[in-house]
Amino acid sequence: VQRTTGSLSLGGAFNVSAGTFDANGQTNTVTGLTTVSGTGIYLASSAQQTFNGGLTISGGTFTGSTGGVTTTGLTLNSGTLTAPSGTFNVSGDWTYNSGTFTPGSGTVTFSGNSSAINGTAASQSFNNIIVSKTSGQTLSVGGSTTTLSVGGTFTETTGNFTAPATMTITGNSTLTAGTFTAGTNLTETGNWTNNGSTFTAG
């Protein structure tokens, strides 16, 4: 299915279990859970894709593009998730159990109330991460995930962040507010700038 014109708003769940859904430059908003499974393929586009009920990939393929992707929560059980080069906003839990996540050159922004980067995967990798939680709320790394790798930059603008036992940041880190709680091993190979955040060593 290839969208051709106009925005699409779905009040229930949306399942792509076979074939290809091509957003084709059109805005899509789904109120219920969006699931990409089986041999299903979801091609995001240059327009905004909003998943108010969350996004789950279980065997299918979700490919981000230049448009933004916003979801209340994300679960990768199997299959392939390619991050968009546009904004990627997650306000709930990021749960990575299995499958392939390709962060590309994109940025994942974690917003909203307290949530976690978790799942059964022992390690997880991102390009850029922005922690933009509501003041007083925390993004923590938990579940079976004990290693977090940030290949680009790490930015904490509002809210708190609790790192796993091992965290590596290749680019620069900028802390503006809230509390950064480190794990046992924290490696920063770029610049570390603290403009007012509280840093708690592991």
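This section describes aromatic ring pairs and a nonpolar surface patch in a predicted model.

A pair of aromatic rings is described by the distance of the centres and the angle of the planes. The count in this model comes to 18 aromatic pairs. One of them joins Phe 180 and Phe 199 in a stacked arrangement, with 5.8 Å centre to centre and 25 degrees between the planes. The angle falls under the limit of 30 degrees, so the pair counts as stacked. Phe 180 belongs to strand S24 (residues 179–181) and Phe 199 to strand S27 (residues 198–200), so the contact ties together parts that are 19 residues apart in sequence. Phe 180 is buried, its relative accessible area being 0%, whereas Phe 199 is partly exposed at 38%.

Phe 199 also forms an aromatic pair with Trp 192. This pair is edge-to-face, with a centre-to-centre distance of 5.6 Å and 80 degrees between the planes. Here the angle is over 60 degrees, so the geometry is classed as edge-to-face. Trp 192 is located in strand S26, which spans residues 192–194. With a relative accessibility of 33%, Trp 192 is partly exposed, because this class covers values between 20% and 50%.

Trp 192 and Phe 199 also contribute, together with Leu 186, to a nonpolar surface patch of about 240 Å². Phe 199 therefore takes part in the stacked pair with Phe 180, in the edge-to-face pair with Trp 192 and in the surface patch.

How values were computed. Residues numbered from 1 in each chain as written. Predicted model: local features only at pLDDT ≥ 70, side-chain atom pairs only at ≥ 80, totals over all residues. Heavy atoms only, no water. Patch = residues over 30% accessible without salt bridge, like charges linked within 9 Å, V, L, I, M, F, W, Y side chains within 5 Å. Areas by Shrake-Rupley, 256 points an atom, 1.4 Å probe, with all protein chains shown as cover. Salt bridge = Lys/Arg side-chain N within 4 Å of Asp/Glu carboxyl O. Helix = DSSP H or I, 4+ residues; strand = E, 2+ residues; numbered from the N terminus. Buried < 20%, exposed > 50% of the residue type's maximum accessible area, 1.4 Å probe, protein only. Phe/Tyr/Trp six-rings, centres within 6.5 Å; stacked < 30°, edge-to-face > 60°.
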